[in-house]
Amino acid sequence: MRVILVAGTTQTAKIPGISAAGADPSLVGHTPSADAEIVEFGQTVRSPVTPVSPTGCPTPAAITRAVRELTGFDALVVDGGLSEPTGAPTIDVGAMPGRDIREEQPVPTAPGAFEAARQLATTLPEDELVIGETVPGGTTTAMAVLRALGEDFGVSSSLPENPTDLKEDVVADAFDASGLSPGDAAHTPKRAARYLGDPVLPVVAGLTVGALESGIEVTLGGGTQLLTAAALARHAGAVGDLSLATTSYLAADVPHLEDAAEAFDLDLVVTDPEFESHPLDRYAAGEAKEGACMGGALMLADRMGVLDDVEAATLDVLSRLDPEAVDADVVEDDA
């Protein structure tokens with residue numbers, strides 16, 4: 001079993017008010033590169049920042065890393081369009097950083113990256129994959145792609161209050177720029193991702209399609225961005241058992257999640273880590289909710305009987321990333 005983290009960027013994330021994946025908009029491009037390093041090494045290497053929200057909510061990558069330390073799962077990072085260097089070893093599938101979706105063709109590499117990812121998945125010697133993503137601004141691009149496919153489900157947000165009106169305006173501008181109308185890309189997922197998406201979505205969808213074709217069990221670890229990747233895979237004709245593993249924080253934010261999972265023939269797994277300690281209490285307050293395969297990692301922790309240890313392990317990871325972010329007494333008491 002292997003966890004795959006697809007890391008990439010979209011200029012859409014720099015629209016003010018769209019994303020909480022960075023202390024300020026100028027840093028969001030570093031978030032996926034840093035997340036990859038944290039999952040791989042438990043610390044940043046080349047990235048100049050440790051990702052936090054403007055209010056100090058830590059990156060979900062710290063949780064995924066904590067579960068990795070508890071369970072020892074193997075990990076693989078796929079470059080899904082990184083714009084900043086990362087010290088984590090990555091697999092290249094030809095994805096380039098995404099442009100603002102209000103441009104005519106924000107992801108010209110989508111078709112090729114989809115096929116390269118599909119081929120990669122068919123070569124992996126695994127019987128199970130858990131696939132996650134890190135791409136700031138990804139819920140907005142997910143909304144646009146779902147609309148392009150003719151699917152009318154909503155998306156979540158990394159912010160406590162989902163800026164739905166802003167996202168709707170951005171998506172409307174994106175459709176104007178693309179020349180497409182909602183539903184025009186039904187059953188043509190590469191087209192949807194190319195004209196209205198981000199570079200991570202076609203890579204996750206391609207990995208999913210290739211794995212299912214090879215008889216590999218696939219769980220998508222994340223929220224509505226991974227739901228959108230599942231929609232792309234189903235619109236590509238992928239069949240077979242497919243699961244979506246997410247957090248209780250995300251599920252509480254998306255009332256239609258069960259209906260959407262049923263629409264795309266997904267088994268839905270929701271895990272509650274019951275975080276209480278600062279700064280993890282920011283998740284319970286509605287920040288972040290998902291990302292960096294957090295939901296998939298928590299599912300694995302629950303499966304392996306270490307879910308109750310995740311909070312303390314995460315605080316330990318955070319204390320190494322930023323000693324000032326965590327009360328040392330809390331870490332000692334929980335250890």
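Modeller: Just after helix H4, Gly150 takes a positive phi of about 85 degrees. The model is a predicted one, in which local features need pLDDT of at least 70 and side-chain atom pairs count only at pLDDT 80 or more, whereas totals for chains, interfaces and linings use all residues. Residues are numbered from 1 along each chain as its sequence is written, and side-chain values use heavy atoms, with hydrogens and water left out. Helices (H or I, at least four residues) and strands (E, at least two) are DSSP runs numbered from the N terminus.

Among the buried residues are Met143, Leu146 and Arg147. Their cover includes helices H5 (164-178), H6 (189-196), H7 (200-213) and H8 (224-235).

A salt bridge here is a side-chain nitrogen of Lys or Arg within 4 Å of a carboxyl oxygen of Asp or Glu. Asp265 and Arg234 form such a pair at 3.9 Å, N to O. This pair links distant parts of the chain, 31 residues apart: Arg234 lies in H8, and Asp265 in the loop between helix H10 (257-263) and strand S7 (266-271). Asp265 is exposed at 54% relative accessible area, whereas Arg234 is buried at 15%.

Key
Buried < 20%, exposed > 50% of the residue type's maximum accessible area, 1.4 Å probe, protein only. Contact = heavy atoms within 4.5 Å.
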